[in-house]
Amino acid sequence: MSEIHIVRDYPHRPEAVWRAVTDPQLVPLWTATGAGARPEGFAPVVGTKFAFVAKPRPGWSGVVSCEVLEVRKPELLRFSWQDESGGAVTEVAYRIQAWGEGTRFIYDHTGFTGVGGLFMSKFLGSVRTKMLTKGLPAVLDNLDDQGSLRPGSSLRPHE
């Protein structure tokens, strides 16, 4: 079985990181460095079914179906992940921990099987690494103390 495991430390409070990874208006801002997915129908509530919608590509509709499996605000968000066209159901977990003066963010995506799963985990792993190294820090750096984008920020929420 293949998996993606990424650990990043940010000089921001856990509450700010939680907001950036769970606010449907903020998520597309940091995923833009990857496929640019936006969550539709998302709420950090167990049982919520939602979709990540990105720009379609040849052989992929751009839609991933998900369901929230576990929430412990502001420490854990765990959800299922399945391509809209079917295939294996995998699982994503965001773990957020106070770390020194900031936050340690742990991203795990597990459940990839077979050769196709190995390929997918390698591909998604490089995309997620870019999003968590470039995209998420840019969003965090542009949030004010209330977790809203600062006036004059070059980042714009998707409507």
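**Exercise 1. Aromatic pairs**

The structure, a predicted model, holds nine aromatic pairs. Classify the pair formed by the rings of Phe42 and Phe50 from the distance of their centres and the angle of their planes.

Solution. 
- Step 1: the ring centres of Phe42 and Phe50 are 4.9 Å apart, and the cut-off for a pair is 6.5 Å.
- Step 2: the planes of these two rings stand at 75°, so the pair is edge-to-face; the cut-off applied here is over 60 degrees.
- Step 3: as for accessibility, Phe42 and Phe50 are both buried.

**Exercise 2. A pair across two strands**

Classify the aromatic pair of Tyr94 and Tyr107, and state which strands hold the two residues.

Solution. 
- Step 1: the centres of the Tyr94 and Tyr107 rings are 5.9 Å apart, and the angle between the planes is 35°.
- Step 2: Tyr94 belongs to strand β6 and Tyr107 to strand β7, so the contact ties together parts that are 13 residues apart in sequence.
- Step 3: both Tyr94 and Tyr107 are buried.
- Step 4: Tyr94 and Tyr107 also belong to one aromatic cluster, whose members include Phe42, Phe50, Phe52 and Trp81.

**Exercise 3. The surroundings of strand β7**

Which strands pair with β7, and in which sense?

Solution. 
- Step 1: strand β1, residues 2-10, runs antiparallel to β7 and is joined to it by nine bridges. Within this pairing, Asp108 of β7 stands opposite His5.
- Step 2: strand β6, residues 90-99, also pairs with β7 in the antiparallel sense, over nine bridges. Here His109 in β7 is the bridge partner of Val92.
- Step 3: two residues separate β6 from β7 in a hairpin, and Gly100 in the turn has a positive phi of about 60°.
- Step 4: a charge–ring contact involves Arg104, whose charged end sits over the ring of Trp99 at 3.6 Å from the ring centre.

**Exercise 4. Helix α1**

Is helix α1 largely enclosed or largely open?

Solution. 
- Step 1: the helix covers residues 14-22. Its buried residues are Pro14, Ala16, Val17, Trp18, Ala20, Val21 and Thr22.
- Step 2: that is seven of nine residues, so the rest of the structure largely encloses α1.

**Exercise 5. Salt bridges**

The count of salt bridges is eight. Describe the bridge between Glu40 and Arg38, then trace the network that contains Glu70.

Solution. 
- Step 1: the closest N and O atoms of Glu40 and Arg38 are 2.8 Å apart, and the cut-off is 4 Å.
- Step 2: buried means under 20% and exposed over 50%, so Glu40 at 39% relative accessibility counts as partly exposed. Arg38, with a relative accessible area of 35%, is partly exposed as well.
- Step 3: Glu70 forms a salt bridge with Arg72, with 2.7 Å between the closest N and O atoms. Arg72 is partly exposed at 43%, and Glu70 is partly exposed at 24%.
- Step 4: Glu70 also meets Arg78 in a salt bridge, at 2.9 Å from N to O.
- Step 5: through shared partners, salt bridges join Glu70, Arg72, Glu75, Arg78 and Glu91 into one network.

Terms used: Residues are numbered from 1 along each chain as its sequence is written. This is a predicted model: local features need pLDDT of at least 70, side-chain atom pairs count only at pLDDT 80 or more; totals for chains, interfaces and linings use all residues. Side-chain values use heavy atoms; hydrogens and water are left out. Two strands pair if DSSP finds at least two bridges between them. Helices (H or I, at least four residues) and strands (E, at least two) are DSSP runs, numbered from the N terminus. Rings of Phe, Tyr and Trp (its six-membered ring) pair if their centres lie within 6.5 Å; planes under 30 degrees apart count as stacked, over 60 as edge-to-face and the rest as tilted. Buried means under 20% relative accessible area, exposed over 50%, partly exposed in between (1.4 Å probe, protein chains only). A charge sits over a ring if NZ of Lys or CZ of Arg is within 6 Å of the ring centre and within 35 degrees of the ring normal. A salt bridge is a side-chain nitrogen of Lys or Arg within 4 Å of a carboxyl oxygen of Asp or Glu.
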